[in-house]
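Please look through the structure shown below, taking the pocket, the sheets and the helix packing in turn.

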Amino acid sequence: MRIRTIDACLRNRRKQWTIEDLRQACEDALYDYEGIPNISLRTVQRDIELMRGDKLGYYAPIVVRDKKYYEYADPDYSIAALPLSEYDLNELSSAIDIIKHYQGFNKIRGQEDILTRMQDQVQMQRSNRQIVFIETNRQLKGLHFLSTLYEHIKKNEAVIVHYHSFRSAKETVFRLSPYLLCEYNNRWFLVAYYAKMKNLITLALDRMLTVEKSDDDYIENTFFEPEKYLGEMIGITRNLQSRTIHAVLRFDADQAPYVLTKPMHQSQQLMKKEDGGGIIVALDVVHNIELEGKILAFGSHVEVLAPRLLRHRIAQQVLTAAAHYQKK
């Protein structure tokens, strides 16, 4: 825990870290996590030497600037990005074997893909041969905030997030009560309550600059049930006022088999099989940008039959796209 905390601090280059700052950060983390009240400077200094050396295999490039401030010489360095040791691989492999014995239990069902991915990572590091390839983005920024946000959510702690949206020239500071971490389309998002707006807000982790604990009171989630909130939509865009629509879509014979074998949403129902192989399906989902994007991805193979607003929105975007190709 101490070494992970030091690593998190040194990755945050927006702050200059003295040895006392690092000691205080470790003390706060250990007190919150294990109830340990006091950490000495000598303990933190030993941890830094361990990180620098070969005993743990980290070889961390920790330098002291101006004889006072600790930082990584390589701004992209993180112990989380290092390969696992043989001991770690053996321990992880044993843990996976134990978990696999419980796959019949309801709480484990549906997690088979995660176990397969973990097994493949162990296999790849041992033999340098990867068997399972799953779509992922290894260059995605902000993943190091996952564990930090997870701990704050688990402990019901308010946070301060410095955020730089694609649509803004300046960063924004959000004071939030974090509720959920969600992954969609190879990006991670935080769902949190924004008291200033009295509504939920969804922030992408790859646009976060810093995340830190706030002294603000944590506002408990009494607004929504997470499974229902997320289960009613495609993607992650909605707020407390969003309501589901009954979307009716017609697919031609070319795409019908794919839509039937890989439903667009868990609410999808087959309404009709048409002559010629086409189908009509219905979805009860929130109307958001991800739903529109999903429909548009089918191109000319889909037609929105209802509701009128969704049909209009898709039609306008198709006409706009077509106009690009009519220009000389």
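The lining of the second largest pocket is made up of 11 nonpolar, seven polar and six charged residues. The model is a predicted one. The space in this pocket comes to about 890 Å³. It is lined by 24 residues, and those closest to its centre are Phe189, Thr202, Ile236, Thr237 and Glu290. Two or more lining residues come from each of β4 (172–184), β5 (187–194), β6 (199–204) and α9 (289–296). The most are given by β6, which supplies five residues.

Strands β4, β5 and β6 lead on to an open sheet of five strands, ordered β6-β5-β4-β3-β7 and paired antiparallel. Because β6 and β7 (208–213) are at the edges and have a single partner strand each, one side of each is left without a neighbour in the sheet. From one strand to the next, the twist averages 45°. Within this sheet, β4 and β5 are paired in the antiparallel sense over eight bridges. Glu183 is placed opposite Trp188 in β5. Helix α6 (residues 145–154) packs on the sheet and touches β3 (159–163), β4, β5 and β7. The direction of α6 makes about 30° with that of β7.

There is also an open sheet of four strands, with the order β9-β10-β8-β11 and antiparallel pairing. Its edge strands, β9 (269–273) and β11 (302–306), each pair on one side only. On average, neighbouring strands here are turned by 30° against each other, direction ignored. Strands β8 (residues 244–251) and β10 (residues 279–286) run antiparallel and are joined by eight bridges. Thr244 has Val286 in β10 as its bridge partner.

Two helices lie against strands of this sheet. Helix α9, which also contributes to the pocket lining, lies across β8, β10 and β11 and runs at about 160° to β10. Helix α10 (residues 308–324) packs on the sheet, where it touches β8 and β11, and its direction makes about 150° with that of β11.

The remaining topic is a helix pair. Two packed helices are described by the angle between their axes and the distance between the axes. For helix α1 (residues 2–11) and helix α3 (residues 41–52), the angle is about 75° and the axes are 10 Å apart. The two helices are therefore roughly perpendicular to each other. On the α1 side, the contact is made by Arg2, Ile3, Ile6 and Asp7, and on the α3 side by Thr43, Val44, Asp47, Ile48 and Met51. By class, the residues of this contact are five nonpolar, one polar and three charged.

Terms used:
Residues are numbered from 1 along each chain as its sequence is written. This is a predicted model: local features need pLDDT of at least 70, side-chain atom pairs count only at pLDDT 80 or more; totals for chains, interfaces and linings use all residues. Side-chain values use heavy atoms; hydrogens and water are left out. Axes are lines fitted to C-alpha atoms, for helices over the stretch in contact, and angles run from 0 to 180 degrees between N-to-C directions. Angles under 35 degrees count as roughly parallel, over 145 as roughly antiparallel, 65 to 115 as roughly perpendicular and the rest as oblique. Contact means heavy atoms within 4.5 Å. Ala, Val, Leu, Ile, Met, Phe, Trp, Tyr, Cys and Pro count as nonpolar, Asp, Glu, Lys and Arg as charged, and the others, Gly among them, as polar. On a 1 Å grid over the protein atoms alone, a cavity is a set of points where a 1.4 Å probe fits but cannot get out, and a pocket is an open set with protein on both sides within 12 Å along at least five of seven lines; lining residues have an atom within 4 Å of a point. Grid points are joined across faces, edges and corners, and a volume is the space filled by probe spheres set on the points. Two strands pair if DSSP finds at least two bridges between them.
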